[in-house]
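Please open the structure in your viewer and keep the selection tool at hand.

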Amino acid sequence: MKPSKNPRQNRILQIVRSQNISTQEELVEALKKDGLEVTQATVSRDIKELGIIKVATATGEQKYIPMNKSGEGASGRLMKVFTEAITSLELASNFVVAKTLPGMAQAAAAALDSMHLEELLASLAGDDTIFIATADVKQAESLCKKLRKLANLEFDSLDGVN
């Protein structure tokens, strides 16, 4: 059945709130399982109209969420700020040093805090630099890998850390 716009968009919101949907294709399949025939192009337009965004989770995976004023949506906005703000990540012993666009370090550090990453002991943000403390070098390497993936910097070289 080809659904009308409002029922289709309501079902999309229900799906992204209740399932971890990371691609438009997965969303199309979920709708088809409900008996709703839609195209990827229609889903793409609905996502934009509904204000649904893709956010990175603490595990580095991505999922769609509807934007709202607080809670997970606020965290999602912070994640978007993080991915847009970070320009480089480097290891320094048991620290990860994150460089950001000018004026963006505090917002990116707030995003880090919202991730509740187990390796992160503390972070200190200036204008364009964040010092991220971990307990040891192994944890710093692990955290740096996660953050590189979240910030889409995973293809940059990092002293042998991939």
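Predicted model: local features only at pLDDT ≥ 70, side-chain atom pairs only at ≥ 80, totals over all residues.

Phe95 counts as partly exposed because its relative accessibility is 34%, and the category of partly exposed lies between buried, under 20%, and exposed, over 50%.

Now extend the view from Phe95 to strand 4, residues 95–100, in which Phe95 lies. Which strands pair with strand 4? One partner is strand 3, residues 86–92, which pairs with strand 4 in the antiparallel sense over 6 bridges. Strands 3 and 4 form a hairpin with 2 residues between them; in the turn, select Ser93, which has a positive phi of about 60 degrees.

The other partner to display is strand 6, residues 129–133, which runs antiparallel to strand 4 and is joined to it by 5 bridges. Here, select Val96 and its bridge partner in strand 6, Ile132.

Finally, turn to helix 1, residues 5–18. Its 14 residues should span 20 Å at 1.5 Å a residue, and its end C-alpha atoms are 20 Å apart, which agrees. Select Arg8, Gln9, Ile12, Leu13, Ile15 and Val16, which are buried. Seen down the axis of helix 1, its buried residues fall within an arc of 165 degrees, and therefore they line one face of the helix. On the other side of helix 1, select Asn6, Arg17 and Ser18, which are exposed.

Key. Residues numbered from 1 in each chain as written. Heavy atoms only, no water. Helix = DSSP H or I, 4+ residues; strand = E, 2+ residues; numbered from the N terminus. Buried < 20%, exposed > 50% of the residue type's maximum accessible area, 1.4 Å probe, protein only. Pairing = 2+ DSSP bridges. Expected span 1.5 Å × (residues − 1). Arc of directions from axis to C-beta.
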